[in-house]
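Please open the structure in the viewer and keep the selection tool at hand.

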Amino acid sequence: MIYLQLLWVFIKIGVLGFGGGYAMLSLIQHEVVDHYAWMTTTEFADMVALSQMTPGPISINMATYVGYTAGGFGGSLLASFALCLPSIVMVYFIIRLFLNKKGGSLMNNLLKGLKPAIAGLIFAAGLAMMNAQNFVQIGKGENNISIVICVLAFVASYFFKANPILLIVLSGVVGFFVY
Amino acid sequence: MKTVFQLFITFLKIGAFTLGGGYAMLSMVEKAVVDKKHWIPADAFWDMIAIIQSLPGVFAVNTALYVGHQVAGRKGAAAAMLGAILPSIVIILLLATVFREYRDLPVVERIFKGIRPCVVALILAPSLRMIKSAKVTWKTAIIPIAAVILIWWCKVSPAIVILAAIAGSLIYAIIMERKLKRNPSKEVKP
């Protein structure tokens, strides 16, 4: 049963995952945290950090991690494979239709139209993680540290395009000394 | 057979050594596929990447499948895809096993307490950058705002939001095309 659920969830994500790994993150969060409750919101945040810090495509990293958490070794292989399945079908059957100027511009226009919605999707994923589990003890004295880390990391990432791995490592160091 | 094996090794290296997601690996793929092995000429490679970027799914996997297929057919596609995802699977499996064993240790918990708010920032930042690059105006700002409210507040599945957005942009594209036909002298800008 869990295998069927993993298969269905990640095939769906492979089909609807327009716009890169972060767009998929929102889809994964909804299924994994809200719908099936395979992970808590803290585990999800930890998984995103680990997937970001390790080599390879972030979405494959997350699929493997979710699959492992929900269904062990078999689950991890199944989830990663399910995520690739729509791509395999696409390459064999559909890609020839799109790999010309007309099809290409159609897909590019579609993605352009989708971008504002995808941006909203990703933002919502971030908002959903801004909770008491991930931001420790909001309101009590020591705590506003979580907010400080978040704001500083945001400024470094948005305005200065800081390396995300460096930011994760630095905030880990801060956490080690502060908490 | 030799080419199939080379495809596997090439994408295995790319999967094992590129940090920072799909787009970071692009220059590595170009170096290997275009410059070193001469599998695909540069112009054809970039034309293909422009289209693959707009397709759904994992960008690295789509690229591997397409390059593999061009170079050595179905076997090539399978070899390149496996090469691209194998390092991820192995590394994450090892890491997940270790992490789930030790995540309750106070030291690990302290480190991750610091990391979690940073992860939130790392998700919010690219979404705002995307809004900027999509040239969202005050009028079209309703789209991302509606998406956020639907997903975050109303708990609507993001899958539904994406499907609705696909329908919306298709309808928009059709209307624009008709306007252009009726009024060919006037260029309609979205």
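How many residues does the contact take from chain B and from chain A? Select both chains of this predicted model and colour them separately. The contact takes 92 residues from chain A and 82 residues from chain B. About 8,200 Å² of area is buried between the two chains, and carbon and sulfur atoms give 78% of it. Within chain B, please highlight B:L122, B:I123 and B:M130, which lose the most area to chain A. Together these three residues account for 8% of what the chain B side buries.

Remain with chain B and colour it by domain. The assignment gives domain 1 as residues 2-102 and domain 2 as residues 136-190. Between the C-alpha centres of these two domains of chain B, the distance is 32 Å.

Turn next to chain A and select helix α7, residues 164-178. At the N-terminal end of α7(A), display the side chain of A:N163, which caps the helix. One of its side-chain oxygens lies 2.8 Å from the backbone nitrogen of A:I165.

Which residues of α7(A) are buried? They are A:I165, A:L167, A:I168, A:S171, A:G172 and A:G175. Look down the axis of α7(A): the buried residues fall within an arc of 160 degrees and therefore line one face of the helix. As background, an α-helix has 3.6 residues a turn, so residues three or four places apart point the same way. To see what covers the buried residues of α7(A), select α3 (41-53) and α6 (144-158) of chain A, and also α5 (106-133) of chain B, which are included in that cover.

Now select A:E31, located in helix α2 (residues 21-35) of chain A. Is A:E31 buried or exposed? Its relative accessible area is 5%, so A:E31 is buried, given that the cut-off for burial is under 20%. Beyond residues up to four places away in sequence, A:E31 touches A:V9, A:K12, A:Y36 and A:A37.

Finally, select A:T64 in helix α4 (residues 58-98) of chain A. With 0% relative accessibility, A:T64 also counts as buried. Apart from neighbours within four places in sequence, A:T64 is in contact with A:S76 and A:S80, and with B:I89, B:I92 and B:L93.

Key: Residues numbered from 1 in each chain as written. Chains lettered and ligands numbered in written order. Predicted model: local features only at pLDDT ≥ 70, side-chain atom pairs only at ≥ 80, totals over all residues. Heavy atoms only, no water. Helix = DSSP H or I, 4+ residues; strand = E, 2+ residues; numbered from the N terminus. Expected span 1.5 Å × (residues − 1). Buried < 20%, exposed > 50% of the residue type's maximum accessible area, 1.4 Å probe, protein only. Arc of directions from axis to C-beta. Contact = heavy atoms within 4.5 Å. Polar contact = N/O pair within 3.5 Å; in protein donor to acceptor, adjacent residues only side chain to side chain. Domains from an automatic or database assignment. Buried area = accessible area lost by both parts, 1.4 Å probe.
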